[in-house]
Amino acid sequence: MRSWLAPDAAFVEAVLRRGGLPDALTGAGLRWARSEEGLRLMPSRSVDERRLLELGLRPGPALVESESKEASCWAELVPCEPGPPPELPVPQALFRVSQDGLTTFVKRLLHLGCTDQSLLVLSDGTALVRAVEPPYFSLISEAQVYLPAAPFVWVQWGLRHPLAEVLRPSAGASVLIADAGWLHVPDGPFQELAASLELAPVAKVSIAARPPPRIEVRLQLEPSSAPAPDALWVLRQDGASTVERLAAELPSAALEDLEFFVAEDGLVMVRGSRRAPAQPALELPGAEVYAAHPRLERLFLPVGTEVAPPLRLTQLRDALAPDPEQLSLLVPQSEARPTPFRVQTVADDAFRPLSEWVDYVAAGEPEAMEGWKRSLQFEFQPFVRAQTWAEAEEAQPSSRRSWRRQAEARPEPEPDPEPEAAPARAALPSPPRGPALEAVLTELTPASVRAVEQRLLEGETSHPAEDWFSLVGAYLDAGRESEAGLALGHGLLATPRADRSERARAWVERAELAPLGADPEPVRLRWAVFELLAGREDDLPLLRTRTEGLDTRSFWLLWDAVARREDDALARARAVDDVVERLRGSLAPRDVPAFVRTEGGGQGLAADALAAALAEARETHFATRRQRSPLEAPEGLTQGYVELGFAWGFGRLGALGEARAALRSSEARFGTAAEGPVHAFARAALLERIAAAQAGAGAGRLSEPLERAYAELARMERYVVDRLAEASVAIGLRSEADAFARFGSKGLEWPEDLRPASLLSVLDACLDDAFPEPEEVLEALHLARLLPPHHLADRLDGLGRACGALEGPAKARGLASVLRLADAVDAPVANLVRDLAELLGADEPSGAKVVFELAPLLERRGAAAEVRAALKEGLHREALPLEHRLVMASAAGALGETEASHRWASDALGLAAATGTPMATRLQLARVLLRGLGRSSPELAVAAVRRLQAELLPQVTDSGSTNTHFCRALIHFAESVVVGLATPDGLLGPRARRFLDAEEHTLRQAILAEAD
Amino acid sequence: MASALESMTLPELSERSGALRDRINRFRLALGRFFVGKQDLIDLMCVAALAREPLLLVGPPGTAKSDLVLKFRDALGISEADYFEYTLTRFTEPSEVMGPIDVAELKEGRYIRRVQGRLPTSRMVFLDEVFKSNSAILNSLLTIINERKYYQDGTPLPVALEVLFAATNEIPELSDLAALRDRFCLKALCESVAQDHFLELIDAGLAFSTYKDLGQKPWAEGIASMEDFLAAHRYLSLSMAATRVGPEGEVLRDRHLFFPEARLQEFRRLLETLAREDGVFVSDRKIVKLYRLLRTRAWLLHGGRVERDDFRLLAYLGDTVEELQLLQDKLPRLLGFAE
């Protein structure tokens, strides 16, 4: 047998990479020695000498055993190289320790917070410890530490082996590569540490158990922080006569929306009909007023109260309203606070339409027939206006609602003995202002309202402003002031600016508003904006401070009016900035009219289902026992944050009762332990987010005091808060949606001169640079945003090209910004889409994230096919990390590729639930997975949440470094659940989504055009 | 005395080092008896004084920060003339700390301060609320801590300062205070002990009130003096700078004799872990200072080579209260003391 000479190790590496020799030869052992000429190799197997010669190896004499070394395979001759420092936390590491030192070593890892260990004892007196996310100190302290380089290939810490990725160890074996030599070890079975631990015996004292006594908790009523609207009126005295008066006063249309019940003892109940579009607002003297429980509609509580202590929905139902056929009323028993109550029930089907009232009372009573006739006379009331607007101004305000003067203020027309002979239309005097009002007042019936709504929903209207105005009148008549305000905002924005003031004035007068008050509700605030447009400026100071609760249209109308009034270009630019921020990405329910929300199955049902799923997930969360790391922060604080996350989710879904319960629970869990600036800031920020979610607002910037508080945090405190923000979607501390927010965070100032010409000169200077620096590009994008869009039409190509100077996430966000601008001015987007599609082939997923966000825009601009193709190609790339693949699949799902999306979602779910996957990866997968499913398929999101809570949650804990404030991993997981279930997008049908997308586009264009 | 000390050689000091160490150890243990739960801080004050490193005590009011310094001073028998103490505020003027301008000299056109009894002439200084001072004082302090000198009419003169203690309720994040913050390599949390030592605290407090009423200072026992600390400092400085020749003719530096290779490696690993996992970075300058401090602690507490226990000193490296709390919690785990 002879040896073969290779010039050096690099030559051997090249031979192996080329694959010119059979694996049976290169994978077998050999002897080797280093000589002046190079490396001498003596394979242990017979070789094809001709092949070796062809490859450039030269034959030589056989090697003597004493002067040569043994190697397990040819690749072992290729030395290791210094490797880059790995990212922390390291997902897995393998420690080789002596069996004598095994116990000490394992104990040490446990004390450093690493609980996920498994052991394999080897026959050579050593043992392998496989640790998940091992502490850094152990990695750099131990002599034999290996990190995974490829399946079954581990390379010593601090080194890399050039051939590690192409090595294929024999079946059932792993190879540990180190400078000192290679070690082939069995690849298992590793035994979990828990199974290997032998705990020292502890003296046991048995305590006999006995059944605990039942604990009786007396339920009481307490004032509610968010009162529900009036829904049921109980008249215990003179009920019949009160209702008779009511019937005589109300228009017949309103009468049809009421139902009543009369008990044998004379007690009378009145409630709104289930078919009524909204709850009636009644003022019945002497009536007890009840509100329906927000989550259990057959349970009625005295208005402004709630049951204490808070109960889960199922408990509440079992205790107070178990029978689905019966309504339950909680009748107060005293004036004390909290108030004891008793439960009175009444059959649901005992209520009859109030229009039958006359028949009921009139049996055998000729006088009562008069009442019936009188009520008939009022049937035309909604169509009759027998007074001038000036007279209406002078009419007495009613106390029917807190902020709106009511119909009684308008003197009703005298009963017409022959109504059929006097058509209402003929008697209608023209109002002095608002010519369209007349038509609106005369023609709306429920059917025609529905027709107008459908027309708007389908985008088939040729006079959108008039259609919206027609809805305003109908909604006001039905007592739906909130919807009326939304519709008026739509109508006014679709009206030329010059006519807005007049139209607003007409509707404000029509709505007959009471004074604003010191702490108005959002619905009233919206009308205050219209009052401002109508020329009433008294409330402007208050309005300036309360813009958060306004819908986007009212918000814009307000600031546009302010900017014009004060000639303040900066105010308008900021308003544009804020509106664009509001419109970006997330859907704000406060902007969505009810007829859109209820399109396609009914928002109420879907929201209920998701809220119930979220309530179930919350219950499961707190009932699940976890294996806690010894390093984890006190659980009470963490669970306090988790409760805030759930409260935010409930708020987004409109489940206000559940949100309040979660908030109260969070307070109890925090107790007095949550002290210090970190907790103070984090809790305040979350509470602000929850309030915004409840009001239907999206996640914009934090309020100014909180932004300031954040800036004033010490470095370490800010670090802790930032870590929380990484885990918490709810806190929404850092907006990463586009380059502007990042740029803003770097301290970019508003330019002093906001005139377009000045801005353009600076922008052009930025764009003139053939090779701009990234900072210049970011500044150019920022300036572009401040400019009226038509100035940008010629510069969008330049902006798109300039984005080429950016890299990775910055480039993706830059392109997204320019795409939005191009969309706003209907400029071509082909080049931008091509650049975005190219980004989908990058090694990081920011391009796919942008596609996920901009999917509606891409669909609308006909660019979806190109991006879909790029995504599908990207999904087939090999060696793509699953998390990256999942983001791409989510983007594909958003563009309609649901099959690919669900296939990868299924894989990701399996991996996130699997115990072998490192915890950090599992958490991240869960987040991406649930976020994607929440938007594309709420049913799948519910199923995924259940599985992850069963299989992943019990192991979620912090095991990295010490964190004294909270368990970040647990908050991360819990909020992933919330994100998956509490996505308002999930509530909408496809037609509604199309409508909203078109609406957003229209609104953006209108506002940008007006900002010019 | 100082000049006599300056002329002493390493062999002479080596002969005295055992006795010096013994006195300083008795001093720190004796002083510890007059406090509750503060022995670690007193040890640290001794190490800082021996190494001539400034020490910052951080804690809320009423946690004995000032009391520690005052009793330390009494116990060392430092005279009024050699001690300067001042509580700084935003309105404190440089003349209050550095001495007023000599008007007679000013008339002659010279900008001379009358420094007697002020910071420049004091051997031990205690500055309370040190971060509340204004920029004029901050600049003077930085020069004094860094270079041990001050200026009289543009001429640099050495200060007498040997031991500097400072106290603060909080460590501000403001960038213009970063330089001063960085000068305090050692920062120690001074926390309430009422929760763990409630009864002892009451007993000690009553005893102290009695001493105060009677005008007694039993902690001023004269076990060790400032001169002992200075001599020990000189001994350690000379020792750390000295090189020896090994049995095979190789040059042996201080670390070869007093800082075993395994400990040095552990030292490096600890610093690397704190930087990578928790963002606690230690500058090059601080690493050298740390070496000296670890050596000093090892000499004082066990008389020889640096041991793992000495790494407890790293818990005082933090720059913020949160970092200090984190290090207090984490270091024992890393060192295996929590097992």
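Trainee: What is the count of salt bridges between chain A and chain B?

Mentor: The model is predicted, local features need pLDDT of at least 70, and side-chain atom pairs count only at pLDDT 80 or more, while totals for chains, interfaces and linings use all residues. A salt bridge requires a side-chain nitrogen of Lys or Arg within 4 Å of a carboxyl oxygen of Asp or Glu. Between chain A and chain B, the count is 0.

Trainee: What area do chain A and chain B bury between them?

Mentor: Buried area is the accessible area (1.4 Å probe) that two parts lose on being put together, summed over both. Carbon and sulfur atoms hold 54% of it, and the area is about 2,200 Å².

Trainee: What share of the residues of chain B counts as buried?

Mentor: Residues are numbered from 1 along each chain as its sequence is written. Buried means under 20% relative accessible area (1.4 Å probe, protein chains only). Of the 339 residues in chain B, the buried share is 49%.

Trainee: What percentage of the contacts in chain B with a separation of 6 or more comes from residues 24 or more positions apart?

Mentor: The contacts considered are those in chain B with a separation of 6 or more. Residues 24 or more positions apart account for 71%.

Methods:
Chains lettered and ligands numbered in written order. Heavy atoms only, no water. Buried < 20%, exposed > 50% of the residue type's maximum accessible area, 1.4 Å probe, protein only. Contact = heavy atoms within 4.5 Å.
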